[in-house]
Amino acid sequence: MKSRYAEVTAEVVEALGQIVGRDGVSTQRDEVEKYACDEMPMPKPHPAEVVVKPRDASSVARVLGFANDRRIPVTPRGSGTGVCGGCVPVYGGILLSLERMNAVLEVDEANLVATVEPGVTLGQLYDEVGKHGLYYPLYPGESTASIGGNVATNAGGMNAVKHGVTRHRVLGLDAVLASGRTISVGGKFVKSSSGYDLTQLLVGSEGTLAVITRVMLRLSTPPGRREVLLVPFSSLDNAIEAVPDIMRQGVTPTGIEFMEQDIISIVEQYLDWEMPLHGYEAFLMIILEGETEEETCAAAARIEEACVRNGAVGSYVPASEGAKRRLLEARERFYPAVKRLGPLELADVVVPRSSIPDFVKGARRLCSQLGLPVLAYGHAGDGNVHLHFMQKDMDRKEWQERLPKVLDSVYRLGWSLGGLVSGEHGLGFDKKGYLAMTADGEVMELMRAIKRAFDPNNILNPGKVLDLE
Ligand SMILES: Cc1cc2nc3c(=O)[nH]c(=O)nc-3n(C[C@H](O)[C@H](O)[C@H](O)COP(=O)(O)OP(=O)(O)OC[C@H]3O[C@@H](n4cnc5c(N)ncnc54)[C@H](O)[C@@H]3O)c2cc1C
């Protein structure tokens, strides 16, 4: 397969240096290895032949035009926090890091739009828009992630119930095609019925259709108040069954997360900190935003009542801002806490939210049939379940043999319940094999046709999302 692509020779490196400047090109082993993995637990690294760090969109265009002429694969990369190998150069070639394109170009207070380069991190965006008294309401878990990466994966996170996912915030994009030509799509407006929506096609395309070089994001004004409720239940069924009732209370929570006692114990050890409630099988963590204390407290009371009606055995509402922050931080640290425990594989299935108990119970059953330890938690408000299949004390070879069987059955189960392979992480190279399970032949062919139209030579992030043959 690799032989379809040209090698990166000394002459290629020299030419790339002329485009982006010598300080933006490296073939040094330590540098190349730094970009050979992302946050996915990976059996082996996949180094590129050369790392290239452009400073502007015109350099990106020249790099792509050059790579396309030479048939050299190009893998775009933001901050490398992805969890399915999306930014990992499986065919070598050029690793195109967008990290030096990291300027917030404009915060337009009149139109509530931030225009940013792709390497701007989420944390940087929050700070910059905050200086203007504005708010970017999404929180896809990791604040060092880049906006380019968030757009390319259509990142979701905890606040999706009220504020949607990244695609609901992207108004317009500049992007460079594989040919090196640049397109500008969308703009500073919230509606458009003007032909095919290429902005939204590029959102979630995981660097396989174009390299995003500028993003226009819709902003909001910050909420006056935020509350966090931790609500214990005696079973996951009860917890999840409360969710439809919560959603009918006339207040849309910002986020509704579910977790079971096992993951809570793991994060407590990781943070060396005790969660405020113990001894219950399952919990909902509900995030609420409102304008005033009165409004938010009234909403919290209605939601607590709905939870109690559905079997909640109490609730905890942190009194101080610090205590709220700690609860949210504990939730944010689930993945690093679990990752520390040793080899694991993760799934990010999305199902209709009422199917979460059936999905989690079914997945646990499948895992126990094969003796595979599994942890489950996720976004109850939007049906997105994160499963971690652990190796623990199992022999590595045995674990690796059993994993594909479990994964196949778990994705089939998700599909049978009306779900899809990934709710927010994307497919990368890790999960691309499961796409055809949930998309019929006609849909797969349309997707391939779109890929060919954007990238006829298959140089952009090959080996990700889908294979062309
Ligand atoms: C602790 C932790 C918590 C997380 N929590 C969440 C969560 O709650 N929700 C969630 O959705 N994700 C979460 N993630 C996953 C990850 O943060 C997101 O997938 C994020 O969007 C990746 O951004 P990145 O800049 O790191 O992208 P990378 O990992 O660098 O790349 C991801 C993909 O985007 C492509 N890409 C990057 N930049 C560009 C560009 N400019 N143009 C075209 N393609 C590009 C890459 O080729 C790749 O396919 C979490 C990760 C960690 C480690």
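Q: What makes up the protein chain in terms of helices and strands?
A: The protein chain has 16 helices and 15 strands. Helices here are DSSP runs of H or I with at least four residues, strands are runs of E with at least two, and both are numbered from the N terminus. This is a predicted model, where local features need pLDDT of at least 70 and side-chain atom pairs count only at pLDDT 80 or more, while totals for chains, interfaces and linings use all residues. Residues are numbered from 1 along each chain as its sequence is written.

Q: Why does the radius of gyration of the protein chain agree with a compact globule?
A: The radius is taken over C-alpha atoms, and the globule rule is 2.2 Å times the number of residues to the power 0.38. For 469 residues a compact globule would come out near 23 Å, and the protein chain has 23 Å, so the two agree. Along its principal axes, the C-alpha trace spans about 70 × 60 × 45 Å.

Q: What makes a residue count as buried?
A: It needs 20 or more other C-beta atoms within 10 Å of its own; with 12 or fewer it's exposed, in between it's partly exposed, and C-beta atoms are placed from the backbone. Buried residues make up 49% of the 469 in the protein chain.

Q: What makes β1 and β3 edge strands?
A: Four strands form an open sheet with mixed pairing, in the order β1-β2-β4-β3. β1 (25–26) and β3 (74–77) each pair on one side only, and they are the edge strands. β1 pairs with β2 (residues 50–52) over two bridges, in the antiparallel sense, and V25 stands opposite V52 in β2.

Q: Which residues come nearest to the ligand?
A: Of the 38 residues around the ligand, G78, G86, G141, G148 and G149 come nearest. A residue is near if its C-beta atom, placed from the backbone, lies within 6 Å. The largest share of the shell, five residues, comes from α5.

Terms used:
Pairing = 2+ DSSP bridges.
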